[in-house]
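Dear colleague,

I am handing over the structure below, and after it you will find notes on what was found. Please read them with the model open beside you.

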Amino acid sequence: MPVLSNIGCLASCAAGGGQSEIRPISNAAMAWEEGRILWVGTRSEEPVQYRGIPRLNAGGGLVVPGLVDCHTHLAFGGWRAGEFEQRIRGESYLQIAHRGGGILSTVEKTRLSTSRELARRCLGFLAEMAALGTTTAECKSGYGLDLKTEIRLLELYRDLDQRQPIRLVSTFLGAHAIPAEYATNPEEYVRLIVEGMLPEIAGRKLARFCDVFVEESAFSREQGRTILEAGRRLGLAPKLHADQLSDGGGALLAAEVGAMSADHLERISAQGIQALAERDVVAVSLPLATLYLNQSPMPARRLIEAGVRVAVATDFNPGSAPSYHLPLAMMLACNLQRMTPAEALKGATLFAAKALGLDGEIGSLEAGKRADFAIIDAEDVNHWLYHFRPTACRATFIEGRQVAGVGLGPVASD
């Protein structure tokens, strides 16, 4: 039974309260056993039975719940660095996509990549994510767009979940784009998803969620409803890429189908905000994509003031968000979306866990939850995100076991 002591500030992000309530504890300590937290509180209130137990030294740093990246496209072939320059020169996401770039160019590269090649890349990404404090990541398919490759990507995520420490949650995103071979008959591709892909994936329990990109260059609201309702009948909870490039009613659809989350939302309408609030759908902010696409950001303040829980994630992908640096996304949520550091932290922990249906297990430092946490070289949350450094995370623990960072020595005197 280890005890972590000499904690300058512990942001528990305990359940209850609004977006900004992270419930910080100064001069804190935390005990856990068999991967679950037993007790969290101030050092002066530590139960007597823990005081003779060997303890680890947090070095006076900030302790936060393990970060939850609730929106990534982890496995893909190749990169799309050329599009970075094209956008800088003024070309839009849709212009690039209409010329055969964007998602479909990654689909081509991914179909040609072997499972071993994809696994090697993903293991490298995940090791670096762990070093940043990420302990759980959602992983979407969607760069196969045929039954064989979509299943191969989801099987890869299942295997990677066993091969490395970060907890992986799989999402089926066959409705990411219309593949080239169905360009003249998109309804036939929708039929393939509903009648061919979804039953196979659900039957093999390869995914927890079904996601759809509702957008002018992807799927209509009606097509999205058909796919999401079919997935829900098979046990896959709905998610949406919604209202990113235009107000296509994606947020309204997310509320209508009872989605776990609606992600992006840079162009969400007032009606969409109200619908998400009424149905308690988590809004997932993806500020790295906002930055790379040079868009107006998600109206986070309006969403929070309406009572919507706002999560923060990276959207890691080779085109519009080629970074898995979740603390960077949190800093951008502050600067681009006017979220406070506390709001961004709760968005990348408890509310991100809620977007994955895991807020009863992870996302906060409370007795009974998984002992997932990161030790940050900062005095508090404000200083961490204000004085941004790429390597501020000293150590990362998943279920009480250190998986990244420097070794922690014992507390000198306690």
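**Notes on the model**

Thr149 lies in helix H5, where helices (H or I, at least four residues) and strands (E, at least two) are DSSP runs numbered from the N terminus. This is a predicted model, in which local features need pLDDT of at least 70 and side-chain atom pairs count only at pLDDT 80 or more, while totals for chains, interfaces and linings use all residues. Residues are numbered from 1 along each chain as its sequence is written, and side-chain values use heavy atoms, with hydrogens and water left out.

With a relative accessible area of 4%, Thr149 is buried (under 20% relative accessible area, where exposed is over 50% and partly exposed lies in between, with a 1.4 Å probe and protein chains only). Leaving aside its neighbours within four places in sequence, Thr149 is in contact with Arg111 and Gly144, contact meaning heavy atoms within 4.5 Å.

Helix H5 (residues 147-163) also packs with another helix: its axis and that of helix H4 (residues 115-131) come within 11 Å and cross at roughly 45°. Axes here are lines fitted to C-alpha atoms, for helices over the stretch in contact, and angles run from 0 to 180 degrees between N-to-C directions. On the H4 side the meeting residues are Ser115, Leu118, Ala119, Cys122 and Leu123, and on the H5 side they are Arg152, Leu153, Leu156, Leu160 and Arg163.

Turning to the strands, 8 of them form an open sheet with parallel pairing, in the order S6-S7-S8-S9-S10-S11-S12-S13, and two strands pair if DSSP finds at least two bridges between them. Strand S6 (67-69) and strand S13 (310-312) are the edge strands, each pairing on one side only, and the twist averages 25° from one strand to the next. Helix H12 (residues 326-337) packs on this sheet, where H12 touches S6, strand S7 (134-140), S12 and S13, and its direction makes about 85° with that of S6.
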